[in-house]
Amino acid sequence: MVLFNIAGQSFGQGQIYLLKPDRIFDGETIHEGWVVRVKADKIEAVGTASSVSSAGAEVIDLKGTTLLPGLIEGHSHLFLHPYNETPWDDQVLKEARSLRTARATVHAQKTLMAGFTTVRDLGTEGAEYDDVGLKQAINQGIIPGPRMIIVTRALIATGSYAPKGFSPDIDVPQGAEEADGHDALIKAVRRQIGKGADAIKIYADYRWGLMAEARPTFTVDEIKLIVDVAKSSGRAVVAHASTAEGMRRAILGGCETVEHGDAGTPEVFALMKQHSTALCPTLAAGDAISQYRGWKKGQSPEPERLKQKRVTFKQALDAGVTIAAGGDVGVFSHGDNARELDLMVDYGMKPVDVLRSATSVNADVFHVTDRGRIRPGLLADLVAVEGDPTKTITDLHRVRTVMKGGIFYKR
C-alpha cells in the first residue's frame, strides 16, 4: 500500500528492512557496528550484524552515518512562523486560520524531514482547536508530518496573554483560552480534553497590565485544581513560567514540566529536582528573539538576557534537574529544530546528554514510551545523520534518512 508520494518518490508500509549504519545511538548509549531490523511499523531486532538476521529484508546501507531514535521536539508551535517575518500580534489578529493551517502543514513536513518524528505542540496561539485536525491529517496519512502531542488552545488567566497596545474599550482575540476560579477552570480543562488535548498547558506567569512585567497569574490552588482535573483523565499539565515565583507555583501545583525558566534560582531548581519537575529551557527562542532585536551573533557581545540564561541553565544542570529538549520552534523556523540542541551543548551539556534529552528523556517525560529508544517492539521511528552527533552535535543538521512507523520519508 502506497501512503505518500513526495518529490516523485513513493513510500510504502509493511516491508522488512535491515538498516546498517556505522553506529547506533539507542537513546541512551552508543554502539559501533550494530544493525536494526524493521518489520512493518516496529523495530524487530537490534544488535551486532552477526546477531540480527537479514532473511527476507531489504538491506539499507547507511555507511558514514549514526542511526538514532526519531528525535522528539519538546516545545513547538506549528501554527506560528518566525516573528521577524510577521509579529506574533499580527499572526493572531490578521492571519486567517485557514492560512495558518495551510502553513502548518508545511511546517509539519519540514519538521519531519529534519528528523523530528514527534512534536509536543504547545498551543495553537489563537488558532482554536485546529491542531486536532492537523494531527488527524498526519495520523490518517493525508499529509506527512511528525506524531503530535497537542494541548489545543492552552489556558491563561484573564487579562494576561493577548495582543497588546489596544484601547481598554476593545476586546481583542486572545492567544489562548481565558479561565479563572474553580468552576470556570474545571470546565475549561474538561472542554479542551474533550476537544482532543493530550495535555493541558497553562501560563503560570506573563507580562500583563500596563507595567508589562512578567508576574505570576494563577494561584497555587488554581494550578492544583487544573492538575487534579487533568490527572483524572490521565493527562499532564505543563506550565509556561519565566519568573521564579511563577515557576515555584507551577512546581508546587503539580505541573510536570516548566517551559522557559529564564529567571529560575538555585532554590527553585532544587525544588524542581525534589518534585521531579522537568525543565524545557527553549534556548533557541531567546537566541532568535535577540537577533530579531538587532543582536549580531558572533560579532557583538551577548545581550544580558542571554548571559543570564546561561547562568540559570547551569544552575538547573548543577541541581540535577531533568532537561527536556524543546526550542519553542515557531519563534524561529520549523525544520531548524536542531538549533536548540546545538545551543544546549554551547550552554554546557555534553552532546550525548543532549541526544538523550531529545530521545529517551523526552519520551519518558512526555509519557510516550513506545518511542525514543531503539529497542525491539518500539515504533520504527528512526533517523540517520552523517557523522557522529555524540561527538559533534551539529551533525544532527546532516540528515540522510528519516523513517516513521517503518515508512521512509527521506531515503
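Which side chain of opposite charge is nearest to Glu222, and how far away is it? In this predicted model, the nearest such side chain is that of Arg249, 6.9 Å away, and Glu222, although buried, has no salt bridge. The distance to Arg249 is 6.9 Å, whereas a salt bridge is counted only when a side-chain nitrogen of Lys or Arg is within 4 Å of a carboxyl oxygen of Asp or Glu.

Glu222 belongs to helix H5, which covers residues 220-231, and a polar atom of the Glu222 side chain lies 3.0 Å from the backbone nitrogen of Thr219. Once residues up to four places away in sequence are set aside, Glu222 touches Asp180, Gly181, Leu185 and Thr217.

Burial can also be followed along a whole element, helix H10 (residues 339-346), which is largely enclosed by the rest of the structure because 6 of its 8 residues are buried. The buried residues are Arg339, Glu340, Leu341, Asp342, Leu343 and Met344, and they pack against strand E9 (116-121) as well as the helices H8 (283-292), H9 (304-318) and H11 (351-365). Just after H10, Gly348 adopts a positive phi of about 125°.

Thr48, by contrast, is partly exposed, with a relative accessible area of 34%, and it is found in strand E6, residues 42-48.

Methods:
Residues numbered from 1 in each chain as written. Predicted model: local features only at pLDDT ≥ 70, side-chain atom pairs only at ≥ 80, totals over all residues. Heavy atoms only, no water. Helix = DSSP H or I, 4+ residues; strand = E, 2+ residues; numbered from the N terminus. Buried < 20%, exposed > 50% of the residue type's maximum accessible area, 1.4 Å probe, protein only. Lys, Arg positive; Asp, Glu negative; His and termini not counted. Polar contact = N/O pair within 3.5 Å; in protein donor to acceptor, adjacent residues only side chain to side chain. Contact = heavy atoms within 4.5 Å.
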